[in-house]
Amino acid sequence: MTTRVNLATFINTTLSNVQQSTSNMNKLQEQISTGKKVNRPSDAPASARRILSLRAEEMRLDKYSANIQTAKGSLAYNAAILQNTSDILQRITELTMQGVSDSTDQSGKNIIASEINQLLESVIQGSNTSRAGRYVFAGPKTTTVPLKA
């Protein structure tokens with residue numbers, strides 16, 4: 001026994017299949033042109049959720065990386081200031097040893113004292129340096145000048 005297919009049913013089914021194929025083709029073309037399999041959440045809800053989670057994680061990692069770079073810059077800056085201070089203190093030690101020597105006369109001691117005072121002023125200036133509007137060696141009060149001359 002054969003079943004008769006109405007012409008209208010046949011046409012409607014064919015049109016539906018063509019529309020479905022066109023829709024699939026458009027979706028594939030969009031995927032090709034964007035290079036993405038999921039272009040909107042309705043394409044694949046589970047994958048879209050995972051993508052959003054990964055993007056949030058990527059943003060968090062980028063922020064961590066930026067913070068690390070900022071910290072490294074600050075540490076390098078602070079290390080340079082501390083190295084300079086160490087060099088100045090070494091020079092002050094040398095001058096002090098010269099000053100206490102019996103072979104240094106009073107005028108020499110006065111010159112040494114003057115140089116030590118200048119070096120101490122340099123240490124104070126180094127202690128009061130600021131970076132990005134904040135004093136480096138001010139502890140928790142970064143808007144307050146650490147040392148006053």
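Buried means under 20% relative accessible area, exposed means over 50%, and partly exposed is in between, for a 1.4 Å probe and protein chains only. The model is predicted, with pLDDT of at least 70 needed for local features and 80 or more for side-chain atom pairs, while totals for chains, interfaces and linings use all residues. Residues are numbered from 1 along each chain as its sequence is written, and side-chain values use heavy atoms, without hydrogens and water.

**View 1. Lys 27 in helix α1, and its separation from Lys 109.**
Lys 27 belongs to helix α1, which covers residues 7-34 (helices are DSSP runs of H or I with at least four residues, strands are runs of E with at least two, and both are numbered from the N terminus). With a relative accessibility of 36%, Lys 27 counts as partly exposed. Between Lys 27 and Lys 109 there are 82 residues along the chain, and their C-alpha atoms are separated by 88 Å.

**View 2. The packing of helices α2 and α3.**
Helix α2 (residues 45-99) packs with helix α3 (residues 106-127) at an angle of about 165°, and their axes are 10 Å apart. Because angles over 145 degrees count as roughly antiparallel, α2 and α3 are roughly antiparallel to each other. Among the residues of α2 that meet α3 are Ile 81, Ile 88, Ile 92 and Leu 95, while those on the α3 side include Lys 109, Ile 112, Ile 116 and Leu 119. The residues of this contact of α2 with α3 divide into nine nonpolar, six polar and three charged.

**View 3. Thr 104 in the loop between α2 and α3.**
Thr 104, whose place is in the loop between α2 and α3, counts as buried at 18% relative accessibility. When its neighbours within four places in sequence are left aside, Thr 104 is in contact (heavy atoms within 4.5 Å) with Gln 98, Lys 109 and Ile 112. A polar atom of the Thr 104 side chain lies 2.7 Å from the backbone oxygen of Gln 98.

**View 4. Leu 120 in helix α3.**
Leu 120 has its place in helix α3 and is partly exposed, with a relative accessible area of 39%. Leu 120 is 68 residues apart in sequence from Leu 52, and the two are 56 Å apart in space, C-alpha to C-alpha.

**View 5. Ala 132 in the loop between β1 and β2.**
Ala 132 lies in the loop between strand β1 (130-131) and strand β2 (134-135), and its relative accessible area of 81% makes it exposed. The phi of Ala 132 is near 60°, which is a positive value in a residue other than glycine.

Key: Axes fitted to C-alpha atoms, helices over the stretch in contact; angles between N-to-C directions. Parallel < 35°, antiparallel > 145°, perpendicular 65-115°, else oblique. Nonpolar A, V, L, I, M, F, W, Y, C, P; charged D, E, K, R; others polar. Polar contact = N/O pair within 3.5 Å; in protein donor to acceptor, adjacent residues only side chain to side chain.
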